Amino acid sequence: MQHKFWIVAAALTAAAMTSVAQTPAAPAALSSPIAGLPAGSGAGVHSPNSPFAPLAERVDVLAWSMLTAIKTKVDKNRVMPIFPSDIQALNKKTQRVQGFMMPLEPGEKQRHFLLSSVPLTCSFCTPGGPESMVEVKTKTPVKYSMEAVVVEGQFAVLQDDPYGLYYRMTDAVAVK
């Protein structure tokens, strides 16, 4: 029985190698809908075809254009954020952020979720990178909504998060 397994494995490997040799090379990277930015970075793209309304302009919340205006560097095979001084100045201060909820747990009410600059439930929208998300931990549960929400809490700018996040908000509450 084990002998047949190795014969089948060898045949499959040979077939795969032959097919790889005959297959043209794939493109090196995915193209981005925003010229100059690699896919999965920046604020993301909210398509005009989206069934969800884009975020309304508000002066009382942090602008995603500010949060996504960062640079990155590669350090020991990790991509590390380089935050400008205006973003570093937000660290450990109460801030407001608006975005679309991405629940991290099941249930109608959420205490731990991500806020994104674009709705991830929209097949027309292209999600951005980690700079387009804020991890949120709330004092009291927030009802899940597919519409944009606004939360206020202690904002943290993360220099070396093990999950690759750039921003976190704790002790958050929902606001109108």
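Predicted model: local features only at pLDDT ≥ 70, side-chain atom pairs only at ≥ 80, totals over all residues.
Colleague: Let's start with Gln-95 in strand β3. Why is Gln-95 called buried?

Modeller: Its relative accessible area is 15%. Buried means under 20%, so Gln-95 counts as buried.

Colleague: And which residues is Gln-95 in contact with, leaving aside its neighbours within four places in sequence?

Modeller: Among them are Leu-62, Val-151, Phe-155 and Met-169.

Colleague: Now the aromatic rings. Why is the pair of Phe-83 and Tyr-166 called edge-to-face?

Modeller: The ring centres lie 6.1 Å apart, and a pair needs centres within 6.5 Å. The planes stand at 90°, and over 60 degrees counts as edge-to-face. Therefore this is an edge-to-face pair.

Colleague: What makes the pair of Phe-83 and Tyr-167 tilted?

Modeller: Here the angle between the planes is 50°. Under 30 degrees would be stacked and over 60 edge-to-face, so the rest, tilted, is what remains. This pair links distant parts of the chain, with Phe-83 in the loop between β2 and α3 and Tyr-167 in strand β7.

Colleague: How do you know that Tyr-167 counts as buried?

Modeller: Its relative accessibility is 0%, and the limit is under 20%, so Tyr-167 is buried. Phe-83, at 5%, is buried too.

Colleague: Which residues form the aromatic cluster?

Modeller: Phe-83, Phe-155, Tyr-166 and Tyr-167. Phe-155 and Tyr-167 are also among the residues with the most contacts inside the largest nonpolar core, which has 24 residues. Strand β6 gives the largest share of this core, four residues.

Notes: Residues numbered from 1 in each chain as written. Heavy atoms only, no water. Helix = DSSP H or I, 4+ residues; strand = E, 2+ residues; numbered from the N terminus. Buried < 20%, exposed > 50% of the residue type's maximum accessible area, 1.4 Å probe, protein only. Contact = heavy atoms within 4.5 Å. Core = buried A, V, L, I, M, F, W, Y, C linked by side-chain atoms within 4.5 Å. Phe/Tyr/Trp six-rings, centres within 6.5 Å; stacked < 30°, edge-to-face > 60°.
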